[in-house]
Amino acid sequence: MDKSPRGLLFAALLALMVAGCAAPIGVVDRITDPEPETLLERAVDQPPDEAAATRLEAADILARRGDEAQAFEVAESLDDSLLDDARRVQWAVLLSGLAYDFEDDSSVLQAASILDEGIAMENDDRNALRYRQGLSLGRIGEPLASSRALLRVQADTDNPVLNDDIWRQLTRLNRQELATLGEDPDRLTAGWLEVIDLQRQSGGDITRFLDRFGDWRERNANHPAARRPPNELTELRELRDQDVRRIAVLLPESGPLADVAEQIRRGIRARHMEAGNNGQSTPQITFIDATSGDLQALYAEANMAGAQVVIGPLDKDQVTALENRDSVPLPTLALNYGYGERNNAENLFQYGLSAEDEARQVARRAYLDGHRRSAVLVPDNDWGERVGTAFRREWERQGGSVTSAVRYDPGGAVAGAIRPLLSVSGERAQLGNVDMLFLLALPSYARQVPPMLDFYYASNLPIYATSHLYEGRPQPRIDHDLDDVQFPDIPWLIPHAAVGGENAVPFFGSFMELREDNDPALFKLNAMGVDAYELARRLPQLQAISGSEVQGATGTLRAESDGRIYRELPWATFVNGVPQLPLGMIHRDGLLGDGMPRLRDPDADADNGSVFDDGRAR
């Protein structure tokens, strides 16, 4: 159960929301509570509807006694359809609270689905359910549905304590989602959208935003965000007049990383020009040749240039040398990750296009989709070992199990990997212990996997992959064999799936300038340069405000506790050979009126150290 400050804040907020109401249904004088074990034994011999009510009573008592784990197990396993309406509400409130604390968002959303059934309930119960629903939707990467749920709670309660949660989700919305939320908004929602618009227009110019936000508060004094601004905006006041005005960029101009560095440099320049053209205050940029690798000399040159922030170095060995220090001379955004498990240096941030991050995101998505038993197919090399290990660790942390794993020869026959992976017998795969496949492969190999599954009668096995199977441009003729495969990628390469179209991508001006006649692999590095610029100019904010995020060209970016930048990517699935919005468990375009996504039944379907990590030597 979550005992973190975030968990305690959640509990405190729920207490505020239900303050003044009577004790919840099922809470009786503890002296008269029967033993839960006795109730569970009694339920075995009772008719189904009585047994369900008895088990609910046992779960309620277990929760109040502090045995949350067993309470959750009992509540999650009972058939709520056998309960009367009052007890179904009690069950939903109990299960959603336990499930949220155990980070089981599927169970939270299942419990909260009672909101759509027209069952009479107290406002406090309804708001508690909708609040948990909103938080879980945010946690699984559905900020639009989350925003709607949280705003409905605030509209009903006028409670400004919700502001931080609402702000966190609104800042994650892309332009199309904001436009959707802004269709015929009420005054509460319209006010929030105005604040988000002020933030987006100000870019990284903190002083400019604070001045405009102050004017907005005077005009909207009764709005919850004016009465009690989100903590992130309050903390920004401490950063007034601390905007980054000079940045030094340490990139090599010759050597093995020179070509990669040039593409990143192009992205930095393009975003710098776009920001200036949009009227934003922009820092002075000084490019320094980092070919020598002498970190002391490079930082000395950056100091001489008056830099407040450094972008680079790019070389993995140099980043490792920095992360093993206690601190770095200037706040630094390195453009790679060191070899260590953690970054130890104060003021050092690390950012790159990590395949391991993608693998961990695949694990979370597949588990959320209801899968529990994964087959794993990764190449037999260092890249495959690193990415496969990242997937396995996150998958098992979620509660899944790897039931079959094969490390394949990238130059070998696909059938030679699939047969042992799926225990093929008599030309038929044995799928009794597998309900999904994690695939790490480059396009030429990946395109052969679905047809091979089809050949072995395993065409219904869901495939989740990393972005490396997609070459970055629609090629329906050769990618049609990848139909139904799901994968995450950067918004700039899957704009229609990510944000509904090219016009809504982050930093559209830079996107248009850089994409013309550009190879997708280089375009990805350009996007990294764009985001490096944005992260660098917001480095004081990332340092001062925990949880700050940037909606970037390469994903939603935030700094972890050790300064490593984590990327949350949008998802796509191949439809007729073209990446489209996924139609799996979460239907972003098919939300119910209450903002709940439809849930499908999971049983219904029988490093080479490069900053651009696709496993290929450079």
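Which helix is Thr 320 found in? Helix 17, residues 316-323. Helices here are DSSP runs of H or I with at least four residues, strands are runs of E with at least two, and both are numbered from the N terminus.

First, the ground rules. This is a predicted model, where local features need pLDDT of at least 70, side-chain atom pairs count only at pLDDT 80 or more, and totals for chains, interfaces and linings use all residues. Residues are numbered from 1 along each chain as its sequence is written, and side-chain values use heavy atoms, with hydrogens and water left out.

Now the overall numbers. The chain has 27 helices and 15 strands. Of its 618 residues, 56% count as buried. Buried means under 20% relative accessible area, exposed means over 50%, and partly exposed lies in between, with a 1.4 Å probe and protein chains only. The accessible surface is about 26,200 Å². Carbon and sulfur atoms own 46% of that surface. The areas come from the Shrake-Rupley method with a 1.4 Å probe; for residues, only the protein chains shown count as cover.

Back to Thr 320. Buried or exposed? Thr 320 is buried, at a relative accessible area of 13%. Its side chain reaches the backbone oxygen of Lys 316 at 2.9 Å. That is a polar contact: a pair of N or O atoms within 3.5 Å, where within protein one must be able to donate a hydrogen and the other to accept it, and residues adjacent in sequence count only if both atoms are side-chain atoms. Leaving out residues up to four places away in sequence, Thr 320 touches Gly 338 and Tyr 339. Contact means heavy atoms within 4.5 Å.

Five strands form an open sheet in the order 2-1-3-4-5, with parallel pairing. Two strands pair if DSSP finds at least two bridges between them. Why does one side of strand 2 and of strand 5 lack a neighbour in the sheet? Strand 2 (284-289) and strand 5 (346-350) stand at the edges and have a single partner strand each, so one side of each is left without a neighbour in the sheet. On average, neighbouring strands of this sheet are turned by 30° against each other, direction ignored. Helix 17 packs on this sheet, touching strand 4 (327-334) and strand 5. The direction of helix 17 makes about 150° with that of strand 5. Axes are lines fitted to C-alpha atoms, for helices over the stretch in contact, and angles run from 0 to 180 degrees between N-to-C directions. Inside the sheet, strand 1 (residues 246-251) runs parallel to strand 3 (residues 309-311), joined by 3 bridges. Val 249 stands opposite Ile 311 there.

Three strands make an open sheet in the order 11-12-13. Strands 11 (549-552) and 13 (565-568) stand at its edges. Strand 11 joins strand 12 (residues 555-559) through 4 bridges. Strand 12 joins strand 13 through 4 bridges. Follow Thr 556. Thr 556 is the bridge partner of Gln 551, and Thr 556 also has Glu 568 in strand 13 as a bridge partner. Strands 12 and 13 form a hairpin with 5 residues between them. Gly 563 in that turn has a positive phi of about 90°.

On to strand 14, residues 571-575. How many of its residues are buried? 4 of 5. Strand 10 (residues 486-488) pairs with strand 14 in the antiparallel sense over 3 bridges. Strand 15 (residues 578-580) is also joined to strand 14 by 3 bridges, running antiparallel. Strands 14 and 15 form a hairpin with 2 residues between them. In that turn, Asn 576 has a positive phi of about 55°.

Ala 572 sits in strand 14. Ala 572 counts as buried because its relative accessibility is 0%. Phe 487 stands opposite Ala 572. Beyond four places in sequence, Ala 572 touches several residues, including Val 485, Ile 494, Ala 497 and Pro 582.

Last, helix 12, residues 206-219. Its buried residues include Phe 209, Phe 213 and Trp 216. Among the elements covering them are helix 11 (187-202) and helix 27 (539-544).
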